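Please take a moment with the sequence and the model before reading on. The paragraphs below lead through a few places in it, one after another.

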Amino acid sequence: MLNFSTLLPAGHQVLGAYEYEGLLVFLSYLIASAAGYTALAMADWVTTSRSRRGSELAKLIGAIALGGGIWSMHFLAMLSFKISIHVHYDPLQTLTSLLIAIAVSYTVMHLIGRESLSTTQYLLASLAAGLGIAAMHYTGMLAMHSVAQQIYDPLLVAVSVVIASLASLAALLLAFRLRGRTGLRTVWLRLLGSLGLGFAIVSMHFTGMAALTLAVPVGFVPEDSPGMIQHLELGTGIAIGTLFIIMAGLLAAWAGERFHAQRLRLERVSTTLDQISLHDPLTHLLNGSSFIQTVDRAVSQARNDEQFALLMLDVDHFKRINDSLGHALGDELLVQVAQRIRAVLDNDLPLARYAGDEFSLLLPLGTRGDSQPLALRLLEQLRPPFELAGQRIAMTFSLGIAHYPQDGTNAGQLLRSAGLAVGHCKRSGRNRSQRFANELQREADDLLSLEMDLRHALTQGGLHLAYQPIVVPDGRPLALEALVRWQHPTLGALSPERFVRVAEETGLIGELDGWVMRQACADIAQLHREGYRDLRVSVNCSALNLGDRLLPQAIARALQAEDLPASALILEVTENALMHSLNVAIEVIGEIRTLGVRVSIDDFGSGYSSLAYLSRLPVDSLKVDRAFVRTIPHQHNDMAIAAAIIAMAHKLGLKVVAEGVETTEQRDFLHANDCDFMQGYLFSRPVPLPQLRSWLQQQASVTALPA
Ligand code: C2E
Ligand code: CA
Ligand code: CA
């Protein structure tokens, strides 16, 4: 116990026993508990808030509520201290003690916001908080000015610091345990915890008060304290104010919790959406982006020597189904394809509809597996006809295969390699499978450099035209077919089949055919001026261009520029691989014919010509494919087909041109079967304009041109 004889200042005596105003003590306990509750609630908000701003705000509100609460509790408790001397509080020191309380609380809130704390961190943090609360308490005490001097018992002061530290430790542990939890149980736990915390804070205060002895000058006459009443009013005021602060904090915490719950709901919804966004809604297979993720995950987790095969399966001529049977049946076909593929695979193999009519799957190969058996089984499974709206329709497929790690080390590379292999299948006749090989990469590279060279040729010159006459059976020319030629600077003369395909694959075909159209119109206009007034020009038009609704305008402009009548122009459209969208193509062809331009179907019979198809296309004539002409007179089948095509075309009111006529036998057979026009080496090879002029002059001297 304190030895007052040594501690008492000279001429001072101890100021008797003190009493406390019960109501204020009780209020201070309530405030401490409420502050504790708010702090715990805000601690939850601090940890669940995703945004930095949100968690900073929560920390601040928590710090103000907790700090303000602890401070008012102390202040109130001090006011409840009944002594019979006049007391005055120094405002600056009082404010300082409040700021200390808030700063300590902020630190505690900040710690709670961390992922986790080690045991040492817990202890250090609690000790710091305890010291902070004590600092606040004793600063608050020093703000109290009166005739009395304050003397403290160091042992009890130390005990008060220990109590404050233990209270802080309890608060930290509780806050960590309860954070992120919701529900009634948590609210009760929090309530109970805060009552305990309130008790600890109040105990700390009264231990601190017990450490205090007031010494007044000897002979001091205790005042009859009217100040006490004032204290009571002031204290009640502070209490109410504090309760408001705390209630605001609670309100914020409640709002935070609501907000949190709502976000949890939103997160659940977004997980469901994720689930949906991972799958293709039509086939319920994985979609492209989730397939990429799956592949990347698989290869990144692959053991050293583990191999995979990525198979990419593309439906040949899928557009044809969409165009002729409609999108609903196109979708139905994709669903059936998906089911057949699934039936061949183990259930857990990742299978995706990668894009449109492209399916991809990932097959683990172990250390030395082979993808060929599965590839064959897949194509076998897809061979039987599909049942679509009562029709049985056989489809073929192109299958590209890429192996990990040889053909690519991530999803992007593997898909690219498999895609190149699919492209190769398509070019070599479809209905096959192909493993990626480095040549395919070279092919792709060549394609790219050819594209750049072609672009250059289109803008800087390098293309020119050859013309081949189309004649009536007696040899008189009706029209000239314009055939594009390209003398490549390093590769020499390239076959138009090759670079036209490059143009089609790279989107240059519109420009290429546009250039041919303008040049052909200029040349034929020149020939008109030279006297060949009835000569027409026949220009090839890639089916891809028929998707362009501006094509009729471009044709009209080309004619106008040369002051040519529309009847001087024939447009040859390859029916094979027709068309992105049949309906648009039909409209565009219709508009072109409205201009007065004739439209002819090229290479008829070579691809997927069907009568149904043909009857929908508004055209003037068709060109029997070279293949049927070449075998005359040896292949009776082909001859029968050629004759049938001519007869059928005539029934539909179409004129017929036979191309590739090389012999007089061929000419005679076609003539005997009423073929209207012919074209081929027998009459003339495709030649540049000057040479063609000589040919025309020669013809004119043999047969008189019609007026
Ligand atoms: P196509 O439209 O069927 O053109 C006829 C092709 O048959 C020409 O080949 C021509 O030289 C060749 N030919 C003509 N008479 C005979 C013959 O008696 N016997 C044989 N064996 N062949 C004959 P070319 O000039 O190599 O053109 C090939 C293809 O390139 C064309 O086939 C056409 O599809 C395309 N093409 C040519 N120029 C253009 C163009 O300006 N635009 C577009 N989109 N395609 C073009
Ligand atoms: Ca042609
Ligand atoms: Ca042709």
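D674 is found in the loop between α22 (664-672) and β23 (677-678), where helices (H or I, at least four residues) and strands (E, at least two) are DSSP runs numbered from the N terminus. Although D674 is not a glycine, its phi is positive, at about 70°, and the residue is exposed, with a relative accessible area of 52%; exposed means over 50%, buried under 20% and partly exposed in between, with a 1.4 Å probe and protein chains only. This is a predicted model, in which local features need pLDDT of at least 70 and side-chain atom pairs count only at pLDDT 80 or more, while totals for chains, interfaces and linings use all residues. Residues are numbered from 1 along each chain as its sequence is written, chains are lettered from A and ligands numbered from 1 in the order in which they are written, and side-chain values use heavy atoms, with hydrogens and water left out.

H317, in the loop between β8 (307-315) and α10 (318-325), also has a positive phi, near 50°, but H317 is buried, with a relative accessible area of 17%.

Turning to the ligand, a nitrogen atom of ligand 1 is 2.8 Å from an N or O atom in the side chain of D513, and an oxygen atom of ligand 1 lies 3.2 Å from a polar side-chain atom of E481. The protein covers 87% of the 790 Å² of accessible area that ligand 1 has on its own, areas being computed by the Shrake-Rupley method with a 1.4 Å probe.

Conventions: Polar contact = N/O pair within 3.5 Å; in protein donor to acceptor, adjacent residues only side chain to side chain.
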